[in-house]
Amino acid sequence: MESRRMEPRFSAGQVVVRREILDDREWLVYPVRVVADDGRTLAVYLAQGTPLTFGRGAFSWGLHPWAAFDHSWQSTGVLQLQRAGDGYAVWARWQGAELKDWYVNFQRPMRRTKRGFDTLDQELDLLIPADGSPFMWKDVEHFEERVRAGGFGPGEAEAVRAAADEVVRLIEAGDCWWEQWRDWQPPAAAEVPGPLALENVTVADVGI
């Protein structure tokens, strides 16, 4: 029997590639630096000023909405936490030296590759203030418009709603696994990785 292929794990400090894949092509690509990887939870840091590379040609969702702006990450750095199988990632955002909020980004479950991981932002977001204030939904209208326009595949919108329900249950139960990262601090002078070129290959060509 052929042995099961192991998914790659990454080392702290390693620069890996986060890709958003739409229509089986690269829609948005940028480098992130690994903070920790235990095989289930992958923590990476997106530094301010990180270059963003956008896919070329026609996409079913059109050009990436960030493509109209400067092609680098303009906001302060964020810690991105994603777990295998989850339909969301949790981003820690700071205001000065203080944790501002947890930004829950609903997205396709990450798919590890030899170079990093693939996902796709699915419009809906949830903001959880770090001071314990009530959480707030974001981009609900954009998500519902994407649903009405037929932008999601079969069962995809339902999966997003299920992931949203799961996060709400975790919050209400006080079982917020991301809180273990509350005291983590971004590096004082984060090194910004260089720009990435598009690979111009399909997902199947590089997957694990």
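User: Which residues do ring pairs link into a cluster that includes Phe135 and Trp137?

Analyst: In this predicted model, a search of the whole structure finds 13 aromatic pairs. Among the residues that ring pairs join into a cluster are Phe135 and Trp137, and these two residues form a pair of their own.

User: What is the geometry of the pair formed by Phe135 and Trp137, stacked, tilted or edge-to-face?

Analyst: The ring centres of Phe135 and Trp137 are 6.1 Å apart, and the angle between their planes is 85°. Planes over 60 degrees apart count as edge-to-face. With a relative accessibility of 28%, Phe135 is partly exposed, and Trp137, at 39%, is also partly exposed. The geometry of the pair is edge-to-face.

User: Which parts of the chain does the pair of Trp94 and Trp184 tie together, and how many residues apart in sequence are they?

Analyst: The ring centres of Trp94 and Trp184 are 5.8 Å apart and the planes meet at 50°, so this pair is tilted. Trp94, which has a relative accessible area of 7%, is buried. Trp94 belongs to strand E6 (residues 88-95), whereas Trp184 belongs to the loop between H2 and helix H3 (203-206), so the pair ties together parts whose separation in sequence is 90 residues.

User: How are helices H1 and H2 oriented, roughly parallel or roughly antiparallel?

Analyst: Helix H1 (residues 140-148) packs with helix H2 (residues 156-173) at an angle of about 155°, and their axes are 10 Å apart. Angles over 145 degrees count as roughly antiparallel, which means that the orientation of H1 relative to H2 is roughly antiparallel.

User: Which residues of H2 are met by residues of H1?

Analyst: The residues of this contact divide into four nonpolar, no polar and two charged. From H1, the contact involves Phe143, Glu144 and Val147, and on the side of H2 these meet Ala157, Val160 and Arg161.

User: Over the face of which residue does Arg146 lie?

Analyst: Arg25 lies over the face of Phe59, at 4.0 Å from the ring centre. Arg146 lies at 4.0 Å from the centre of a ring, over the face of Trp61.

User: Is Pro129 buried or exposed?

Analyst: Pro129 is found in strand E10 (residues 121-129). Leaving aside neighbours within four places in sequence, Pro129 is in contact with Lys100, Asp101, Pro134, Phe135 and Met136. The relative accessibility of Pro129 is 16%, and buried means under 20%, so Pro129 counts as buried.

Technical notes:
Residues numbered from 1 in each chain as written. Predicted model: local features only at pLDDT ≥ 70, side-chain atom pairs only at ≥ 80, totals over all residues. Heavy atoms only, no water. Axes fitted to C-alpha atoms, helices over the stretch in contact; angles between N-to-C directions. Helix = DSSP H or I, 4+ residues; strand = E, 2+ residues; numbered from the N terminus. Parallel < 35°, antiparallel > 145°, perpendicular 65-115°, else oblique. Contact = heavy atoms within 4.5 Å. Nonpolar A, V, L, I, M, F, W, Y, C, P; charged D, E, K, R; others polar. Phe/Tyr/Trp six-rings, centres within 6.5 Å; stacked < 30°, edge-to-face > 60°. Buried < 20%, exposed > 50% of the residue type's maximum accessible area, 1.4 Å probe, protein only. Lys NZ or Arg CZ within 6 Å of the ring centre and 35° of its normal.
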